[in-house]
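Take them in order, with the model open beside you.

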Amino acid sequence: MPLCPSCETRFETWDQVASHMVSMAEKSNPSHVMWLNRNISLQELTPSELGKRLETFFSGSLKAWIITKFIEKFYGETPHPFMMAMQKPTKELLLGYVIEHQHFLVNWVKVLSKIIYDTNEIEIIRYELENITTEFVGTESSPAHYELLLRMGESLGMRRERILSTPPLKGTTEAIKTWREISNRHWTEVMAAMHSLELVADKNIRRYGAKIHYFNERILESDEFPTAVRDFLREGYEADQYHAEMALDLVEKYAQDQERVKITVLRSFDAFSKYLHSRLERAWLLEAQGVIA
């Protein structure tokens, strides 16, 4: 049975969902209006037109649907401004990435720990523990992404103490709040919401229709950037394909309410977009300050 993607009220048909959303839009309900504007159309639609659009929008197998929607939102005709900036990154942009991303990664492992707490599926527990190790703990031969991130910041001239002591910008804080709220939902929704974000650095992203890659891949072979920058970007470039693909396969295997998973994933995408804007905002602040230490 379909449900309203804004308030999650259940209905028997998509036409009923559409009538409900049109009614809420006529009342200028912010949540329903914003959802329609972001995902369907800025134009006013009749309930019949909207019902057809909603049914089409949510159709498709879960994994393929998530990948398609991610590409449309972040790598479509108008890629996200952060990805555009990463085609020729400045020192300030990379440092903005470092400062905001350290907060993201700390929250990341906390949310993955919630998945472990909420599931009894051993393959899920093992998968998430491996991810936490890669992202935050590391091994003797392979530093964690978190450590590589901090080394990237240091290689660009910023002291580790300053990186760690700088609070997140408002957009990052709000995005983290959204992911904390999502962590209270069913673990399959949480898993989809978090691991779908790893598609951002999938080195095969163009195969799915992306216009550009997460960053200009020539950076990996260029002497223009410190080794620590290349090490961090290369680690995500090599690892995230495995993480995203595997996680989405597992979500598709265990999810019983795929429509609810799709709605949760869209909320995560909105939070992620806001968070990426914070990386840009941090870079602008660093440029304005003109001093890095």
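1. Let's begin with the aromatic rings. In this predicted model, the count comes to 24 aromatic pairs. One of them joins Phe57 and Phe58: their ring centres are 5.0 Å apart and the planes stand at 80°, over the 60 degrees needed, so this pair is edge-to-face. Phe57 is buried at 10% relative accessibility, and Phe58 is buried too, with a relative accessible area of 6%.

2. Now turn to Phe104 and Tyr275. Their ring centres also lie 5.0 Å apart, but with the planes at 20° the pair is stacked. Distant parts of the chain are linked here, since Phe104 sits in helix H6 (residues 91-118) and Tyr275 in helix H13, 171 residues apart. Phe104 has 7% relative accessibility and counts as buried; Tyr275, at 1%, is buried as well.

3. Both of those residues belong to one aromatic cluster, made up of Phe70, Phe74, Tyr75, Phe104, Trp108, Trp179, Phe269, Phe272 and Tyr275.

4. Next, look at how helix H4 (residues 62-74) packs with H13. Their axes are 11 Å apart, at an angle of about 25°. Because this is under 35 degrees, H4 is roughly parallel to H13. The crossing is right-handed. On the H4 side, the contact is made by Leu62, Trp65, Ile66, Lys69, Phe70, Lys73 and Phe74, while the H13 residues they meet include Val261, Val265, Phe269, Phe272 and Leu276. By class, this contact has eleven nonpolar, two polar and four charged residues.

5. How do H11 and H13 cross? The axes of H11 and H13 (residues 258-289) come within 8 Å and cross at roughly 40°, which makes H11 oblique to H13. This crossing is right-handed. Thr188, Glu189, Ala192 and Ala193 of H11 touch Arg260, Val261, Thr264, Val265 and Ser268 of H13. Those residues divide into four nonpolar, three polar and two charged.

6. Is H11 mostly covered or mostly open? Helix H11 (residues 187-195) is mostly covered, with nine of its nine residues buried. Among them are Trp187, Glu189 and His195.

7. Finally, a closer look at Ser268 in helix H13. Ser268 has 0% relative accessibility and therefore counts as buried. Setting aside neighbours within four places in sequence, Ser268 is in contact with Trp179, Ile182, Ala193 and Leu197. Of these, Trp179 is part of the aromatic cluster, and Ala193 is one of the H11 residues in the contact with H13.

Conventions. Residues are numbered from 1 along each chain as its sequence is written. This is a predicted model: local features need pLDDT of at least 70, side-chain atom pairs count only at pLDDT 80 or more; totals for chains, interfaces and linings use all residues. Side-chain values use heavy atoms; hydrogens and water are left out. Buried means under 20% relative accessible area, exposed over 50%, partly exposed in between (1.4 Å probe, protein chains only). Helices (H or I, at least four residues) and strands (E, at least two) are DSSP runs, numbered from the N terminus. Axes are lines fitted to C-alpha atoms, for helices over the stretch in contact, and angles run from 0 to 180 degrees between N-to-C directions. Angles under 35 degrees count as roughly parallel, over 145 as roughly antiparallel, 65 to 115 as roughly perpendicular and the rest as oblique. A crossing is left-handed if the near helix is turned anticlockwise from the far one by less than a right angle, and right-handed if clockwise. Contact means heavy atoms within 4.5 Å. Ala, Val, Leu, Ile, Met, Phe, Trp, Tyr, Cys and Pro count as nonpolar, Asp, Glu, Lys and Arg as charged, and the others, Gly among them, as polar. Rings of Phe, Tyr and Trp (its six-membered ring) pair if their centres lie within 6.5 Å; planes under 30 degrees apart count as stacked, over 60 as edge-to-face and the rest as tilted.
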